[in-house]
Amino acid sequence: MKRILITVGVLMTMSFTNKLWNYDLVTALDNLEDCREWMQQDIENGRIESKIGELYINNFTETINHLKNVDRINNKNN
């Protein structure tokens, strides 16, 4: 009986942790996409040099792609 309860508890914890991870991942992706959009607006409004702004945008895009790869790996294992 104890083994069954422990097994169920572990499985529930793993399931809950995965959902939390997905929520955190989606939030991080949204934040980065917002930053990328704001940087584009700053370039268009002349608040930042376009070369520097493009470097930031490229880094945001690269990080977004890395996070999406993590999400694909995470979903593939489930």
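This is a predicted model: local features need pLDDT of at least 70, side-chain atom pairs count only at pLDDT 80 or more; totals for chains, interfaces and linings use all residues.

Colleague: How many helices and strands does the protein chain have?

Modeller: Helices (H or I, at least four residues) and strands (E, at least two) are DSSP runs, numbered from the N terminus. Here the protein chain has 2 helices and 0 strands. Contact means heavy atoms within 4.5 Å. Of the contacts in the chain with a separation of 6 or more, 62% join residues 24 or more positions apart.

Colleague: What share of the residues in the protein chain is buried?

Modeller: A residue is buried under 20% relative accessible area, exposed over 50% and partly exposed in between (1.4 Å probe, protein chains only). Buried residues account for 14% of the 78 residues in the protein chain.

Colleague: Which residues make up the largest nonpolar core?

Modeller: A nonpolar core is a set of buried Ala, Val, Leu, Ile, Met, Phe, Trp, Tyr and Cys residues joined through side-chain atoms within 4.5 Å. The largest one consists of 8 residues: Leu25, Leu29, Leu32, Met39, Ile43, Ile57, Phe60 and Ile64. Both α1 (2-44) and α2 (50-76) supply at least two residues of this core, and α1 gives the largest share, 5 residues. Beyond residues up to four places away in sequence, Phe60 touches Leu32, Cys35, Arg36 and Met39.

Colleague: How many aromatic pairs does the structure hold?

Modeller: Rings of Phe, Tyr and Trp (its six-membered ring) pair if their centres lie within 6.5 Å; planes under 30 degrees apart count as stacked, over 60 as edge-to-face and the rest as tilted. The structure holds 1 aromatic pair. The ring centres of Tyr56 and Phe60 are 6.4 Å apart and their planes are at 35°, so the pair is tilted. Both residues lie in helix α2, 4 residues apart, about one turn of the helix. Tyr56 is partly exposed at 43% relative accessibility, whereas Phe60 is buried at 17%.

Colleague: With which residue does Asp42 form a salt bridge?

Modeller: Side chains of opposite charge can pair when their charged atoms come close. A salt bridge is a side-chain nitrogen of Lys or Arg within 4 Å of a carboxyl oxygen of Asp or Glu. By this rule the count is 1. Asp42 pairs with Arg47, their closest N and O atoms being 3.0 Å apart. Asp42 is partly exposed at 23% relative accessible area, and Arg47 is exposed at 62%.

Colleague: Which residues is Arg36 in contact with, leaving aside its neighbours within four places in sequence?

Modeller: Arg36, found in helix α1, is in contact with Ile57, Phe60, Thr61 and Ile64 once those neighbours are set aside. Its relative accessible area is 27%, so Arg36 is partly exposed.

Notes: Residues are numbered from 1 along each chain as its sequence is written. Side-chain values use heavy atoms; hydrogens and water are left out.
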